[in-house]
Amino acid sequence: MNPDAVKSTLTNLAFGNVIAAAARNYQKELLSEEKAAQSSSVNEEVDLDDLMDDPELEKLHADRIAAFKKEAEKREAWKKKGHGEFREVNEGDFLGEVTGSEKVICHFYHKEFYRCKIMDKHLKSLSTKHIDTKFIRLDAENAPFFVTKLAIKTLPCVILFRQGVAVDRLVGFQDLGAKDDFTTRKLEVLLIKKGIIAEKKDVDEEDQEYDESKRRSVRSSAAADSDSE
């Protein structure tokens with residue numbers, strides 16, 4: 001046999017063995033990485049299961065449920081007092097209405113005045129949003145006693161009551177730019193500044209705050225587990 005041919009054959013065999021060995025090593029590495037990934041996934045699942053039983057998260061959830069329940073009870077009590085809508089009242093009921101709730105907004109109006117109708121529209125819109133404040137309207141023509149007692153000279157006149165006491169008022173549109181085309185939001189901001197209603201958060205904002213509280217609790221629990229290890 002030709003020595004060169006033999007040498008070439010041996011060289012080819014050796015090279016083939018090297019390639020085969022490299023392939024086996026690569027396969028082993030892939031299997032090892034796959035097992036590690038599976039192990040990590042299992043650990044993550046275990047960690048999440050542990051967090052679900054975390055007392056801090058359970059307390060956060062329980063507090064949120066309790067807050068919802070308390071808010072629902074308050075809303076029901078307010079509705080029984082006539083909150084959540086913009087209602088017409090008469091002179092005979094007026095005193096009981098303004099003393100029966102902590103915060104009351106009363107619009108003294110005239111049925112023929114265009115600006116009174118504009119004010120009605122905006123107050124009606126706000127009444128359903130700010131249920132913790134009572135919104136009512138009283139026909140000034142049919143309430144001469146209180147018109148005189150409260151020194152009402154110009155209509156529309158919106159009087160703000162706190163615990164039965166008149167604390168502030170809006171006369172005409174002078175605080176609203178003296179124009180008829182003001183927005184409901186402009187009136188809302190003015191009433192917020194006067195302290196008779198409060199700024200309301202959207203449901204999405206409340207959910208975001210709750211989710212952020214959960215994330216903080218998860219991070220805190222994870223850090224505590226890491227320190228204990």
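Glu199 and Arg185 form a salt bridge whose closest N and O atoms are 3.1 Å apart, the term standing for a side-chain nitrogen of Lys or Arg within 4 Å of a carboxyl oxygen of Asp or Glu. This pair links distant parts of the chain, 14 residues apart, with Glu199 in the loop between helix H6 (184-193) and helix H7 (203-228) and Arg185 in helix H6. Salt bridges that share partners join Lys129, Arg185, Glu188 and Glu199 into one network. This is a predicted model, in which local features need pLDDT of at least 70 and side-chain atom pairs count only at pLDDT 80 or more, while totals for chains, interfaces and linings use all residues. Residues are numbered from 1 along each chain as its sequence is written, and side-chain values use heavy atoms, with hydrogens and water left out.

The structure also contains an open sheet of five strands in the order S1-S3-S2-S4-S5, with mixed pairing; two strands pair if DSSP finds at least two bridges between them, and helices (H or I, at least four residues) and strands (E, at least two) are DSSP runs numbered from the N terminus. The edge strands, each pairing on one side only, are S1 (86-88) and S5 (165-171). Within the sheet, S2 (residues 103-109) and S3 (residues 134-139) run parallel and are joined by six bridges, and Phe108 stands opposite Leu138 in S3.

Glu97 in helix H3 and Arg87 in strand S1 are ten residues apart, and their closest N and O atoms lie 2.8 Å from each other. Arg137 in strand S3 and Glu88 in strand S1 are 49 residues apart, and their side chains meet at 2.5 Å, N to O.
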